[in-house]
Amino acid sequence: MQKRKIRVLIAKAGLDGHDRGAKIVARTLKDAGMEVIYTGLRQSVDQVVSAAVQEDVDVVGLSFLSGDHLVLLPKIVQRLKEQGKEDVAILAGGIILKRHIPELEELGVKKVFLPGTPPEEIVRYIEENASRS
Amino acid sequence: MGSDDTQKAFEKWQDTTLKKVLDKSTEREKTFVTESGIPVKRLYTPLDLEHTDYNKDLGFPGEAPYTRGVYPTMYRGRLWTMRNYAGFGTAEDTNRRFRYLLEQGMPGLSVAFDLPTQLGYDSGDPMAEGAVGRVGVAVDTLADMEVIFKDIPLDKVSTSMTINAPATVLLAMYIVVGEKQGIPQEKLTGTTQNDILKDFIARGTYIFPPEPSIRLCLDIIEYCYKHVPKWNTLSITGYHIREAGANAIQELAFTLANAITYIEKARERGLDVDDFAPRLSYSLGCHRDLFEEVAKYRAARRLFAKIIKERFKAKNPKSSLFRTYSGSCGSTLITQQPLNNIVRVTMHALMGILGGHQAIHTSCWDEGYAIPTEDSARISLRTQQILAYENGLTKTIDPLAGSYYVESLTDEIEKRASEYLEKIDRMGGMLKAIENGFVFQEIQESSVQFQREVDSGEKVIVGLNKFTIPEEEDFEEQDIFEADPGVETLQKEKLTKVKAERNGEDVKLALSKLEKAIDSTENLMPCIIEAVKHYVSLGEICQVMRDKWGEFKPTTYI
């Protein structure tokens, strides 16, 4: 059976307008052969969740640079669960203090990538952890 | 010595002295290029400047083409304004930080607003959740602005406001705060960023579609020309374009293309270029490559002077001045071994000074984590003060002029930026080039290339892809500013209180007047000033505009 392409939603939740990093990650994943959907800026929690459901993605990658991750991420995780999407791997990246990571992981965020992470490392992580046949 | 002699001597050097060394060992790289990919020769000599006409291409400071600076005495007369960006939490927090910075000798304020404010939402709006007071100060009504500038006489400071889509509302509030302090609007000095085009391109804090957005921008230009003559109405900003991934040439070209668009639009409204161009200012980033950056600033002044004269037939020399506020590119700072950022920021300030800017912003070493602490904000200001007073940088004007390399780079950057401008003209102008995706794609490709070069190690970032240390030995985050989650509740309560105390009839009337004004072609500033006086909130005003104009939905490119 042919392996299904890994489907990834890269999302910007909240009001932050900086998406250079999100777009770099999106491009790198695309170049690595994944199916990548980028939401664009300023998505509400509901918009992110419904995009993830509609696009039937394996991975949701969220970029946070303005400090609202502790407010928005729990809601997104919760709403995805409610939609029966607990198998979706939720990844986060951006300006997130190290001391916030345990709390986020406990919540169900699978992995947090901090500034300076080579995009290739994110590709490898997704290939190893999120592929389904 | 004639140029033939130099040519011969140069060839001789290549064939003898240089050749001997190159035969034995190669250089570190096969080719050298600037940060933006311009090839860099081994050596620059007078031969590279053979076609330079000093009077025409460089001239004298304070005279066209302003390559050497916009003022005749530059820093000998007056130092640049040290203007560091600050603002967080509640109005009270920001007022405290501002007064601290003023006490520390910072002459100009630069207000950072939180994202809900920048996007026209009140603190109680569901969209504002988690973002109130985070990346800047929260402003809902005039009451907040009154507190931000409490005990700061507005005739003694100049204030730069990083505000774009709702700039009319914040300027209106500032005018009213001044009025309440007894300072007439004629005396106010400062800047509204008000550059919505770069928000469409790079910064992302747009609200309305391009046409009404530009109308708002022009309303400020026109209103201030008539009533707030010392206000810098629009700061056309390349900084964010650079930060979004553009290289130095694109940054300059797109900034100038935006400037051309605003000037054209203002003239379509019937304004004379010499009435408003003197109040336009510009902002460019300070990135990594010192010589390229300095050349960029010099090329910018020269190219702009040509454009304003040739394209727009400006007669007032003040219209030709490319006055700049430069800023540390935050994207060049990293979170690994973060104290090293102090060195990077020092270089940013140095580029700004050698580039002849009128105001300089320096970043703080801990900005990669959070809002700077008071300590790191002071170090950043001290960095500028050290360079201003200790290192002999300010004694002569444009000290890098005449460097064979810097002059060659200045020419090259001007040439390459001009080529971009021609291309954009052929597309039908900048609005078309934004609409058809050209600008986004150009920036995205440069951004991807930068990342590739960092990943491959071709571009070295010390502490990130070279000279790294294990994570556990690196900086511990304990002294980082942690935003107070209570701010949001506090701010919401304050807004509720203000709304309860204001006169509901006045509010209704002000909003319906605004609605009518939007449907007409009149300048919206008087209506907005009237509204904020009655404590109509930013969110209420922007909601009327949202209802009338809708919101901009861009196409994104990855």
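This is a predicted model: local features need pLDDT of at least 70, side-chain atom pairs count only at pLDDT 80 or more; totals for chains, interfaces and linings use all residues.
Residues are numbered from 1 along each chain as its sequence is written, while chains are lettered from A and ligands numbered from 1 in the order in which they are written.

**The chains**

Chain A holds 5 helices and 5 strands. Along its sequence they follow the pattern β-α-β-α-β-α-β-α-β-α. Helices (H or I, at least four residues) and strands (E, at least two) are DSSP runs, numbered from the N terminus.

Chain B has 22 helices and 12 strands. Its radius of gyration is 24 Å, close to the 24 Å that the globule rule gives for 558 residues, so chain B is as compact as a globular protein of that length.

The table sets out both chains. A residue is buried if 20 or more other C-beta atoms lie within 10 Å of its own, exposed if 12 or fewer, and partly exposed in between; C-beta atoms are placed from the backbone. Two residues are in contact if their C-beta atoms, placed from the backbone, lie within 7 Å.

| Item | Chain | Value |
|---|---|---|
| C-alpha box along the principal axes | chain A | roughly 40 × 35 × 25 Å |
| C-alpha box along the principal axes | chain B | roughly 90 × 60 × 45 Å |
| Buried residues | chain A | 51% of 133 residues |
| Buried residues | chain B | 50% of 558 residues |
| Contacts joining residues at least 24 apart, among those at least 6 apart in sequence | chain A | 74% |
| Contacts joining residues at least 24 apart, among those at least 6 apart in sequence | chain B | 78% |

**Where the chains meet**

Chain B puts 32 residues into the contact, and chain A puts in 31 residues. On the chain B side, helix H5 (115–118) and helix H18 (438–456) each supply at least two residues. H18(B) gives the largest share of that side, 5 residues. The chain B side divides into 16 nonpolar, 11 polar and 5 charged residues. Here Ala, Val, Leu, Ile, Met, Phe, Trp, Tyr, Cys and Pro count as nonpolar, Asp, Glu, Lys and Arg as charged, and the others, Gly among them, as polar.

**The core**

A nonpolar core is a set of buried Ala, Val, Leu, Ile, Met, Phe, Trp, Tyr and Cys residues joined through C-beta atoms within 7 Å. The largest has 192 residues, of which Val8(A), Val59(A), Ile76(A), Leu256(B) and Ile528(B) touch the most other members. Helix H11 (residues 248–268) of chain B gives the most to this core, with 12 residues. Leaving out residues up to four places away in sequence, Ile76(A) touches Ala13(A), Val45(A), Val48(A), Val49(A) and Leu62(A).

**Two parallel sheets in chain B**

Two strands pair if DSSP finds at least two bridges between them. One open sheet of 5 strands in chain B runs E4-E5-E6-E7-E8, with parallel pairing. Strand E4 (85–86) and strand E8 (231–232) stand at its edges, each with a single partner strand, so one side of each is left without a neighbour in the sheet.

E4(B) pairs with E5(B) in the parallel sense over 2 bridges. Tyr85(B) stands opposite Ser110(B) in E5(B). From strand E5 (residues 108–111), Gly108(B) and Ser110(B) point one way, Leu109(B) and Val111(B) the other way, and all are buried. Strand E7 (residues 190–192) of chain B pairs with E8(B), also parallel, over 2 bridges. There Gly190(B) has Trp231(B) as its bridge partner.

Another open sheet of 5 strands in chain B has the order E3-E12-E11-E10-E9, again with parallel pairing. Strand E3 (81–82) and strand E9 (234–237) are its edges, each pairing on one side only. E9(B) joins strand E10 (residues 280–286) through 4 bridges, and the two run parallel. Ile236(B) stands opposite Tyr282(B) in E10(B).

**Helix H7 of chain B**

Helix H7 (residues 167–181) of chain B has 15 residues and reaches 21 Å from its first C-alpha to its last, close to the 21 Å expected at 1.5 Å a residue. The expected span is 1.5 Å times one less than the number of residues. H7(B) is mostly covered, with 11 of its 15 residues buried. Its buried residues pack against elements of chain B including strand E6 (158–161), helix H9 (210–227) and helix H22 (538–549). Just after H7(B), Gly182(B) takes a positive phi of about 85 degrees.

Methods:
The radius of gyration is taken over C-alpha atoms; the globule rule is 2.2 Å times the number of residues to the power 0.38.
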